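The following note sets out numbered comments on the model, for use alongside the sequence and coordinates. Please read each point against the structure shown here.

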Amino acid sequence: MKANFLQIELKRSILRWQFWLAIILMGGLIIHGYHQAWIEAIHGPADAPYPTSTPADNNAFLVFIYSQGNTGLSFIGAVWPLVAALIAGDSLAWDRKSGYLQSVLLRIGYKKYIIGKIISISAITFFVIFLAESLLFAYGLIQFPIHDPAQMDPQYYPKYGSTLFSQFPYLYSFLIIFNISLFGAVIASTCLLISTKIRNLMVVVALPWIIYIVLSFVIQVIGLVPFAPIILTADYFSYHSDLWIIPLIWILLWGIISYLTYLSFQHQFRKKGSYEWNQKN
């Protein structure tokens with residue numbers, strides 16, 4: 001059942017223009033970040049990201065990390081939630097709006113539906129981001145010189161997982177890809193949670209992005225800067241943390257939000273006796 005649900009949702013997603021807009025935004029902004037970081041590294045001022053005359057310090061691995069959204073070099077860090085939400089996040093809202101939800105619930109019931117929806121939409125968002133990021137990483141390896149980070153000046157290492165970066169740069173790069181893919185799954189589940197209350201597609205897609213910006217600002221104001229969402233997704237150079245911290249945060253958040261989504265959907269179903277969402281809430 002879950003496999004069929006995944007296939008159906010994947011097919012529905014790739015046929016929508018929002019899905020391809022997300023891919024274009026992700027690719028365009030990350031490639032822009034690549035070249036912005038490279039230009040500043042080679043031609044930038046004294047305070048460029050890693051100004052140096054040593055060729056080994058300018059390499060594909062470093063510009064890939066900067067391309068993920070480091071402030072001032074790549075805009076993707078500011079819009080990651082919007083990109084992730086466009087992939088498939090409005091699926092439940094669309095089911096409600098189109099009336100598709102009622103016909104599905106008659107066949108499989110609300111528990112199988114919402115569990116299948118949470119798993120499939122989260123998985124689709126995770127794997128689409130992972131695949132796109134992997135291809136973009138391959139682009140960087142082709143476009144920019146590859147040097148062993150062990151030959152670099154350590155002051156230019158990212159502070160997050162610096163040892164792994166210096167010893168196993170390929171593995172480190174895929175850890176970064178894994179982290180942002182997990183974040184995409186968190187955004188997907190957040191969209192589903194919002195969709196249990198709101199069926200306006202624009203609100204469902206935009207609200208996680210607004211929450212991301214506001215929460216990042218508030219957390220930084222109260223002094224917990226390393227835990228601000230925009231730092232966790234974009235800035236690997238400013239703060240030390242154990243390798244497992246970032247993925248653990250996203251996994252726990254995904255679990256909590258997914259459970260809340262299930263409870264909210266269940267509450268709505270039981271309150272109405274059936275999920276009659278053709279009427280405006």
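1. The secondary structure of the protein consists of 11 helices and zero strands, where helices (H or I, at least four residues) and strands (E, at least two) are DSSP runs numbered from the N terminus. From the N terminus, the order of elements is therefore α-α-α-α-α-α-α-α-α-α-α.

2. This is a predicted model, in which local features need pLDDT of at least 70 and side-chain atom pairs count only at pLDDT 80 or more, while totals for chains, interfaces and linings use all residues. Residues are numbered from 1 along each chain as its sequence is written, and side-chain values use heavy atoms, with hydrogens and water left out.

3. Of the 281 residues of the protein, 50% count as buried; buried means under 20% relative accessible area, exposed over 50%, and partly exposed in between (1.4 Å probe, protein chains only). The accessible surface comes to about 13100 Å², and carbon and sulfur atoms hold 70% of that area. Accessible areas come from the Shrake-Rupley method with a 1.4 Å probe, and for residues only the protein chains shown count as cover.

4. Among contacts in the protein with a separation of 6 or more, 77% join residues 24 or more positions apart. Contact means heavy atoms within 4.5 Å.

5. The largest nonpolar core has 72 residues, of which M26, W80, I87, Y113, F165, Y172 and F265 touch the most other members. Helix α6 (residues 100-143) gives the most to this core, with 15 residues. A nonpolar core is a set of buried Ala, Val, Leu, Ile, Met, Phe, Trp, Tyr and Cys residues joined through side-chain atoms within 4.5 Å. In soluble globular proteins, nonpolar side chains tend to be buried together.

6. Which helix packs with α6 at an angle of about 150°? The partner is helix α8 (residues 169-195), with the two axes 8 Å apart. By class, the contact of α6 with α8 has 16 nonpolar, seven polar and two charged residues. Here Ala, Val, Leu, Ile, Met, Phe, Trp, Tyr, Cys and Pro count as nonpolar, Asp, Glu, Lys and Arg as charged, and the others, Gly among them, as polar. Axes are lines fitted to C-alpha atoms, for helices over the stretch in contact, and angles run from 0 to 180 degrees between N-to-C directions. The crossing of α6 and α8 is right-handed; a crossing is left-handed if the near helix is turned anticlockwise from the far one by less than a right angle, and right-handed if clockwise.

7. Beyond its neighbours within four places in sequence, E9 is in contact with S91, K117, S120, I121 and I124. S13 also lies in α1 and counts as buried at 4% relative accessibility. Not counting residues up to four places away in sequence, S13 touches F19, I87, A88 and I124.

8. S13 and I87 are 74 residues apart in sequence, with a C-alpha to C-alpha distance of 6.9 Å. Outside four places in sequence, the contacts of I87 include S13, R16, F19, A22 and M26, together with I124, T125, V128 and I129.

9. F64, in helix α3 (residues 60-67), is buried with a relative accessible area of 0%. Leaving aside neighbours within four places in sequence, F64 is in contact with Y34, E133, F137, S173, I176 and I177. F64 and E133 are 69 residues apart in sequence and 9.8 Å apart in space, C-alpha to C-alpha.

10. R96 is found in helix α5 (residues 91-98) and counts as buried at 1% relative accessibility. R96 and R199 are 103 residues apart in sequence and 6.5 Å apart in space, C-alpha to C-alpha.
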